[in-house]
Amino acid sequence: MNSILNVIEKLKLNVLNIEDVPESFSSDVYKLTLASGETVFVKIPFNKDKLFREFQMLETLKEVLPVPKVLDIWYGDESTKGALLLSAIQGMPCTGDVDEKLSFQMGTYLAMLHEVQAPGYGHHAAEGYKLFDHNDWRLHIQSNFEMWKEPCQEILGSTLYEKCILHFDRVFSALPEPDGPCFVHMDFRPGNILVQGNEVAGIIDFESARGGSSEIDFTKVNRYIWEANPRTKSPFIESYQSVRPMMALERVLPFYNFYDAFSSIAWCKKRGIAKNQRFLQENILILSNLVG
């Protein structure tokens, strides 16, 4: 609470009410009711890079997608990483079932995002746009996997861990050329899609977005939309392909399902196993099923 009070003071906001926004797993998000009656949101990032990343992405996409408008930015001090003051979009996170109509709209918006060309394979950071080593997406993926090995080894049993290492080597070598560099969301799931009625109202949470290959964004789509309701896959793909070509998903999805689950294990280790136990077990099960 001290952080949000600090932000309110720095941004000189006259606030009537503060609400903590649930289901924000990295940054802290608060819904504010101002004295004027206006509703706004404050997002306090996990680190400084996420502040700049989200700011730059929202500025880039404001004429492309229905994203929150950046009303103000504070660059932080010794105790707080900074904050974004964001406009409210009329809608709620899509926490219910996604039907074919919503899936069709989501496919269109994801394709529109992927149509935005990135300066290279990399991400926005405090010091500017930072390219990955050798501007190479496949090398970036491989480097991430190497970084996650140690925390995953501490959590996974030795048998499952060794199977994961062998599985990565086998499926990584079979990947096609990447489709990019374009901007990718990295967490394109129903909770980050705002809906009003049965219409998509907005897309939020670009703190992990980067210049990458479009293939990675279908991981969460597959896990949380298509697998939950297989009837949503066809309209999603149809609408996506009406905007831009889609790469051969059958060649990349098996790898990214594995890659995402493995990265999630490392994330749980970093952010706290006890408070993320349910998510941890979900991903251990996915790995077990994928590697046999």
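What follows is a short chat about the strands and helices of this predicted model.

Me: What is the strand order in the open sheet of five strands?

Reply: The order is 1-2-3-5-4, and the pairing in this open sheet is antiparallel. Strand 1, residues 15–20, and strand 4, residues 70–74, are the edge strands, since each of them pairs on one side only. From one strand to the next, the twist averages 20 degrees.

Me: And how many bridges join strand 1 to strand 2?

Reply: Five bridges join them, with strand 2 covering residues 28–34 and running antiparallel to strand 1. Within this region, aspartate 20 stands opposite tyrosine 30, which belongs to strand 2.

Me: Which strands does helix 1 touch?

Reply: Helix 1, made of residues 2–10, packs on the sheet and touches strand 1, strand 2, strand 3, strand 4 and strand 5, and its direction makes about 120 degrees with that of strand 3. Helix 2, residues 48–61, also packs on the sheet, where it touches strand 3, strand 4 and strand 5, and its direction makes about 155 degrees with that of strand 4.

Me: Switching topic, what do strand 10 and strand 11 form?

Reply: They form a hairpin with two residues between them, and glycine 197 in the turn has a positive phi of about 65 degrees. The two strands pair in the antiparallel sense over four bridges, and glutamine 196 has glutamate 199 in strand 11 as its bridge partner.

Me: Is strand 11 mostly covered or exposed?

Reply: Strand 11, residues 199–203, is mostly covered, with four of its five residues buried.

Technical notes:
Residues numbered from 1 in each chain as written. Predicted model: local features only at pLDDT ≥ 70, side-chain atom pairs only at ≥ 80, totals over all residues. Heavy atoms only, no water. Pairing = 2+ DSSP bridges. Axes fitted to C-alpha atoms, helices over the stretch in contact; angles between N-to-C directions. Contact = heavy atoms within 4.5 Å. Buried < 20%, exposed > 50% of the residue type's maximum accessible area, 1.4 Å probe, protein only.
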